[in-house]
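Look at the sequence and the structure below before reading the briefing. The notes after them are grouped by topic.

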Amino acid sequence: MPLSAILKICVPCEIGYKYKVGAATCRPMRHTLSAIGETVESAILQIPERYTRISVDKFCIMPDHIHLLITISAMDNGRQIAAPTLPTVIGQLKRQVSLQIGRSIWQKSFIDRIIRTEKGYQEVCRYIENNPLKFQKA
């Protein structure tokens, strides 16, 4: 069974609100992103190109954080193979964005939670889809 995880990657509050990483944007909905948000989106979309065993199932770019729902497949024709770790993937994403915008906007770590059931997977999908709505109400 492939491994799915939800990740939350934050930027410090003063950066998130000063530079507006995102604009309460969730895919597949389309809202305007800041220039930094567009850079983040581009880096997210490149994850499956860089790591063929990883799919980005859903993501949400918020003004001060992003949510990613990714699935890692470590099987090839029924055989276990090496797959990149979450820290490797997220480290690459953060480095790529930081290099492109000329500074780091990220907090040092990230929050991850492994999803173990289909029900849990669907709950995370709904959470990511509804996150911008909750943010706009706050």
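Thr39 is buried in this predicted model, with a relative accessible area of 17%; buried means under 20%, exposed over 50% and partly exposed in between, for a 1.4 Å probe and protein chains only. Thr39 has its place in helix H2. Apart from neighbours within four places in sequence, Thr39 is in contact with Val97, Gln100 and Ile101, where contact means heavy atoms within 4.5 Å.

**How to read the model**
- Residues are numbered from 1 along each chain as its sequence is written, and side-chain values use heavy atoms, with hydrogens and water left out.
- The model is predicted, and local features need pLDDT of at least 70, side-chain atom pairs count only at pLDDT 80 or more, and totals for chains, interfaces and linings use all residues.
- The average pLDDT of the chain is 77, and 72% of the residues score at least 70; pLDDT is the predictor's confidence in each residue, from 0 to 100.
- Residues 14–28 have a pLDDT below 50, and this stretch has 55 contacts in the model beyond near neighbours in sequence.

**The chain as a whole**
- The chain has 4 helices and 7 strands; helices (H or I, at least four residues) and strands (E, at least two) are DSSP runs, numbered from the N terminus.
- Read from the N terminus, the order of elements is β-α-β-α-β-β-β-β-α-β-α.
- The chain has 138 residues, of which 48% count as buried.
- Of the contacts between residues at least 6 apart in sequence, 65% join residues at least 24 apart.

**Strands E3 and E4**
- Strand E3 (residues 54–61) is largely enclosed by the rest of the structure, because 6 of its 8 residues are buried.
- E3 and strand E4 (residues 65–72) run antiparallel and are joined by 7 bridges; two strands pair if DSSP finds at least two bridges between them.
- A hairpin through 3 residues joins E3 to E4, and Ser55 stands opposite Thr71 in E4.

**The cavity**
- The whole structure holds 1 cavity of 30 Å³ or more; on a 1 Å grid over the protein atoms alone, a cavity is a set of points where a 1.4 Å probe fits but cannot get out, and lining residues have an atom within 4 Å of a point.
- The largest cavity has a volume of about 40 Å³; grid points are joined across faces, edges and corners, and a volume is the space filled by probe spheres set on the points.
- The lining of the largest cavity includes Ala43, Tyr51, Val89 and Gln96.
- Helix H2 (35–50) and helix H3 (86–101) are the elements that give two or more residues to this lining.

Conventions: On a 1 Å grid over the protein atoms alone, a cavity is a set of points where a 1.4 Å probe fits but cannot get out, and a pocket is an open set with protein on both sides within 12 Å along at least five of seven lines; lining residues have an atom within 4 Å of a point.
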